[in-house]
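Colleague: I am new to reading structures. Could you take me through this one, feature by feature?

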Amino acid sequence: MQEIDPIILQKVNTWLEGNYDEQVKQDIQKLLDDKAYTELTDSFYKDLEFGTGGLRGIMGPGSNRINKYTIGSATQGLANYLKKTYPNEQVKVAIAHDSRNNSDLFARITAEVFSANGIYVYFFEALRPTPELSFAIRTLGCKSGVMLTASHNPKEYNGYKAYGEDGGQFVAPADAAVMDEVAAIKSIDEVKFDRVDSNIELISTDIDEQYLDKIVTLSVSPEAIKRQKDLKIVFSPIHGTGITLVPKALELFGFENVVLVDEQSTPDGNFPTVVYPNPEEKEALTLALKKAQEVDADLVLATDPDADRVGIAVKNTDNEFILLNGNQTGSMLINYLLTAWQEKGKLTGKEYIVKTIVTSNLIEAIARAKDVTFYNTLTGFKYIGELMTQFEGKQTFIGGGEESYGYLVGEFVRDKDAVVSAAFIAEMTAYYKDKGSSLFEALLDTYVEYGFYKEKLISITKKGKTGAEEIKALMEKFRNNPPATLGGSKVITLKDYELRVETDLISNTTQPIELPKSDVLQFITEDGSIISARPSGTEPKIKFYCSVNGKLESKEAYKLTEEQLDAKIDNIMQDLGV
């Protein structure tokens with residue numbers, strides 16, 4: 001019969017005997033009585049790790065779960081960090097939450113712990129998107145902020161995103177300092193839970209209005225929108241926070257024909273109409289696509305629960321709705337912005353765009369052709385935010401993004417922003433329609449001009465303790481024995497971001513990688529394919545990003561060329577054994 005590890009049992013007993021509420025103790029005791037040892041092991045085998053982005057995990061009792069006590073400990077650690085970092089100041093923070101189950105409760109606990117530590121809290125009185133929290137931190141002069149969300153994870157999850165004073169998630173060295181303070185909380189008795197009302201101020205709609213007013217100033221093609229104001233847009237917030245600001249942003253940009261997906265417009269943490277509330281998943285857009293066919297829409301937009309990611313669908317040349325992936329949407333958005341800025345004579349040579357190392361190199365090709373500076377960062381929007389803060393006042397950030405459906409336009413926010421992105425995707429669609437084209441045709445034109453880049457992401461889920469060990473072993477295997485060929489092409493470069501070394505496998509020479517350390521491997525082949533392997537920082541997954549490219553001779557050759565590139569990706573994945 002399976003037994004429970006004595007060390008885990010000791011942790012379980014600490015919770016059963018400690019200063020925890022009765023309901024939590026009853027839930028743990030029931031797991032013990034039912035001999036649910038696998039569940040107990042996963043709940044207690046480690047402390048839920050406060051990573052560089054904060055916490056994310058399954059809700060429930062235990063040290064490796066999201067609950068009142070892990071949220072409280074994280075907040076106490078963050079409060080300790082803030083008080084040490086800003087010793088002679090009245091520290092202010094902003095707190096927001098999404099539509100997930102318990103997000104409002106966890107937000108309240110976070111506010112209570114901060115207030116008990118003498119920190120002044122600006123508390124959003126109702127659910128709001130993640131990018132608005134970033135905006136609020138910057139606008140209200142806060143030193144930090146917390147968003148209670150697990151982004152697009154399944155309904156069992158919740159999480160805690162921590163932000164610094166620039167409105168971006170913490171980066172080095174602050175991230176490590178915050179993690180150390182959180183790790184230093186060894187007992188729940190160290191957490192101050194007693195709310196101080198005078199330290200909490202509710203935020204109403206003032207910040208909404210300031211934020212929306214700012215993003216409207218970014219519009220580059222208002223005259224095209226005026227002519228195409230009846231552009232038919234179907235929008236779904238997938239039961240999340242997008243409903244609070246996206247329709248309003250579209251209206252302020254000048255769009256008068258926005259159709260909501262009613263079944264998904266009410267915030268609901270059970271996400272009743274979808275398996276995953278993730279606009280990257282085709283299934284999550286089923287209702288939006290149905291509505292789009294009914295009304296013969298020009299564009300479909302769908303945002304995730306905390307409205308930092310947006311998925312889109314457009315009509316192809318056969319008049320069928322197809323979903324664009326994050327690389328396609330990001331590339332089109334950058335191409336549109338640079339083209340529109342160029343046409344308006346706004347490019348002065350001081351502008352730049354940013355993408356992550358696993359995002360399509362089509363963006364790089366476009367930026368080079370238009371002579372606009374581009375930067376690559378590690379995966380994670382906080383690195384884009386860090387760069388923006390570094391260049392603030394010296395260079396102008398036009399836009400940026402990552403393949404996982406997160407984009408940003410303008411400098412008012414330091415995180416991916418589905419509100420401003422949805423508005424600009426609509427503006428871009430109006431711009432091309434105004435020229436007698438469509439977004440899909442514009443995509444084909446982009447491929448003909450700059451090269452046909454095709455990407456695919458393969459995610460392999462490995463849950464629990466054994467899963468984490470398997471992911472680690474897989475990365476070690478690729479690190480120590482890189483493949484010699486992939487898809488019939490020789491691997492000529494290995495980039496190891498963990499060791500921060502790039503190796504030329506032909507000449508056997510190395511050079512340093514200037515980016516921070518990260519557990520990512522990249523294999524680059526002779527024919528320009530790039531394959532990246534990376535364990536997810538927020539989910540029990542290992543991700544393989546595959547990017548291939550070729551020449552698209554004409555728009556008519558699209559389908560055949562796409563089939564050839566897809567076959568190449570399949571061959572590469574076969575060679576990798578995934």
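**Reading a model, step by step**

Colleague: Let me start with one residue. Is Ser404 buried or exposed?

Modeller: Ser404 is buried, because its relative accessible area is 10%. Buried means under 20% relative accessible area, exposed over 50%, and partly exposed in between, with a 1.4 Å probe and protein chains only. Before we go on: this is a predicted model, where local features need pLDDT of at least 70, side-chain atom pairs count only at pLDDT 80 or more, and totals for chains, interfaces and linings use all residues. Residues are numbered from 1 along each chain as its sequence is written, and side-chain values use heavy atoms, with hydrogens and water left out.

Colleague: Where is Ser404 found?

Modeller: Look in the loop between strand S14 (396-402) and strand S15 (406-409). Helices (H or I, at least four residues) and strands (E, at least two) are DSSP runs, numbered from the N terminus.

Colleague: Which residues does Ser404 touch?

Modeller: Ser404 touches Glu280 and Arg309 (contact: heavy atoms within 4.5 Å), leaving out residues up to four places away in sequence.

Colleague: Now another loop residue. Where is Asn101 found?

Modeller: Asn101 sits in the loop between strand S2 (92-97) and helix H5 (103-116). Its relative accessibility is 27%, so Asn101 counts as partly exposed.

Colleague: Which residues does Asn101 touch?

Modeller: Met59, Asn158, Gly269 and Asn270, again not counting residues up to four places away in sequence. Now follow the chain from Asn101 to Leu337. These two are 236 residues apart along the chain, and their C-alpha atoms are separated by 37 Å.

Colleague: How should I read the inside of the protein?

Modeller: Start with the general idea. In soluble globular proteins, nonpolar side chains tend to be buried together. A nonpolar core is a set of buried Ala, Val, Leu, Ile, Met, Phe, Trp, Tyr and Cys residues joined through side-chain atoms within 4.5 Å.

Colleague: How many residues has the largest nonpolar core?

Modeller: The largest nonpolar core has 106 residues. Leu301 and Phe424 have the most contacts inside it. Helix H15 (residues 418-434) gives this core its largest share, 12 residues. There is also a second, separate core of 50 residues, with Ile119, Val146, Val178 and Ile188 included.

Colleague: What does Leu301 touch?

Modeller: Leave out residues up to four places away in sequence. Among the contacts of Leu301 are Ile233, Val234, Phe235 and Leu250. Ala422 and Ile425 are also on the list for Leu301.

Colleague: And the aromatic rings? How do I describe two of them?

Modeller: A pair of aromatic rings is described by the distance of the centres and the angle of the planes. Rings of Phe, Tyr and Trp (its six-membered ring) pair if their centres lie within 6.5 Å; planes under 30 degrees apart count as stacked, over 60 as edge-to-face and the rest as tilted.

Colleague: How many aromatic pairs does the count come to?

Modeller: By this rule there are 21 aromatic pairs. One is Tyr69 with Phe193, an edge-to-face pair at 6.2 Å centre to centre, with 85° between the planes.

Colleague: Which parts does the pair of Tyr69 and Phe193 tie together?

Modeller: Tyr69 lies in helix H4 (residues 68-85), and Phe193 in the loop between helix H7 (174-183) and strand S6 (200-203), so the pair ties together parts that are 124 residues apart in sequence. Tyr69 counts as buried because its relative accessibility is 4%.

Colleague: What about Tyr120 and Tyr122?

Modeller: Their ring centres are 5.4 Å apart and their planes are at 80°, so this pair is edge-to-face. Tyr122 counts as buried, at 11% relative accessibility.

Colleague: Which residues form one aromatic cluster?

Modeller: Trp15, Tyr20, Phe44, Tyr69 and Phe193 form one.

Colleague: Which residues does a cis peptide bond join?

Modeller: Ala172 and Pro173, with omega about 0°. Pro173 is in the loop between strand S5 (157-163) and H7.

Colleague: What is phi of Ala307 near?

Modeller: Phi of Ala307 is near 55°, a positive value in a residue other than glycine. Ala307 is in the loop between strand S9 (299-303) and strand S10 (310-315). At 0% relative accessibility, Ala307 counts as buried.

Colleague: And Arg500: what is its phi?

Modeller: Arg500 is not a glycine, yet its phi is positive, about 60°. The loop between strand S18 (489-496) and strand S19 (501-504) holds Arg500. Arg500 counts as partly exposed, with 35% relative accessibility.
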